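Student: Could you help me learn to read a protein model, feature by feature? I would like the general idea and then the case at hand.

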Amino acid sequence: MAPIAVGDVIPDGILAYLDDENKPQSLSIHSLSKGKKVIIFGVPGAFTPTCSLKHVPGFIERAEELKGKGVDEVICISVNDPFVMSSWSKTFPENKHVKFLADGSAKYTYALGLELDLTDKGLGVRSKRFALLVDDLKVKVANVENAGEFTISSAEEIIKAL
């Protein structure tokens with residue numbers, strides 16, 4: 001499948017999270033995004049160095065600025081289960097706005113065309129690092145990184161596009 005691109009409508013898909021009682025819940029990405037301006041950013045893995053030290057912190061630190069520019073939701077997706085994503089989110093106690101959602105089987109990542117096969121490194125199929133700016137389900141910005149890079153999918157790059 002071709003990767004999601006500017007002008008495309010994001011596919012619908014089901015992502016998971018843990019509720020306040022640590023019970024798995026699911027939601028439709030369209031239900032979270034329809035009629036809204038959202039940022040969906042994907043990372044190769046929870047608790048990995050670039051994701052934990054640079055990518056996620058940038059969106060957490062700039063969340064108020066993003067909200068001030070009209071962004072309704074900031075969503076972090078990773079090919080991990082909701083228990084891992086919940087645990088990872090708790091390592092960012094300053095977070096007030098970024099939602100951590102799990103794509104445990106990579107179904108949504110495949111629907112976006114942004115899968116990254118790291119099987120040869122023992123990591124299985126993951127997500128490419130990316131950041132999408134979506135307005136009422138339509139992609140306005142699609143910043144997709146080459147494997148191993150972190151140059152165009154940061155919060156700073158999305159802010160430049162707003």
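Student: Which helix gives the most to the lining of the largest pocket?

Tutor: Helix 2 does, with three residues. Helices here are DSSP runs of H or I with at least four residues, strands are runs of E with at least two, and both are numbered from the N terminus. This is a predicted model, where local features need pLDDT of at least 70 and side-chain atom pairs count only at pLDDT 80 or more, while totals for chains, interfaces and linings use all residues. Residues are numbered from 1 along each chain as its sequence is written, and side-chain values use heavy atoms, with hydrogens and water left out.

Student: How much space lies in the largest pocket?

Tutor: Rolling a probe the size of a water molecule over the atoms shows where empty space is left. In this model the largest pocket holds about 350 Å³. It is lined by 19 residues, and those closest to its centre are P44, L116, L118, R129 and G148. A pocket is an open set of points on a 1 Å grid over the protein atoms alone where a 1.4 Å probe fits, with protein on both sides within 12 Å along at least five of seven lines; lining residues have an atom within 4 Å of a point. The volume is the space filled by probe spheres set on the points, which are joined across faces, edges and corners.

Student: What does the UniProt annotation "active site" cover?

Tutor: In the unreviewed UniProt entry, that annotation covers C51. UniProt positions are given in the numbering used here, feature names are shortened, and annotations may be inferred rather than shown by experiment. C51 sits in helix 2.

Student: Is C51 buried or exposed?

Tutor: C51 counts as buried because its relative accessibility is 0%. Buried means under 20% relative accessible area, exposed over 50%, and partly exposed in between (1.4 Å probe, protein chains only). Leaving out residues up to four places away in sequence, C51 touches V43, P44, G45, V56, P57, W88 and R129; contact means heavy atoms within 4.5 Å.

Student: Which residues of helix 4 are buried?

Tutor: In helix 4, residues 82–89, the buried ones are P82, M85, S86 and W88. They lie on the same side of helix 4 because they cover an arc of only 165 degrees around the axis; the arc is that of the directions from the helix axis to the C-beta atoms. The buried residues of helix 4 pack against strand 1 (14–18), strand 3 (37–43), helix 2 (49–61), strand 4 (73–78) and strand 5 (98–102). At the start of helix 4, a side-chain oxygen of D81 comes to within 2.8 Å of the backbone nitrogen of F83.

Student: Where is N80?

Tutor: N80 lies in the loop between strand 4 and helix 4. With 13% relative accessibility, N80 counts as buried. Its contacts beyond four places in sequence include G45, M85 and R126.

Student: What does phi tell me about N22?

Tutor: Most residues other than glycine have a negative phi, and most peptide bonds are trans. Phi of N22 is near 60 degrees, a positive value in a residue other than glycine. N22 belongs to the loop between strand 1 and strand 2 (24–28), and is partly exposed, with a relative accessible area of 43%. Phi of D136 is positive too, near 50 degrees, and D136 is in the loop between strand 8 (130–135) and strand 9 (138–144).

Definitions and conventions: A polar contact is a pair of N or O atoms within 3.5 Å; within protein, one must be able to donate a hydrogen and the other to accept it, and residues adjacent in sequence count only if both atoms are side-chain atoms.
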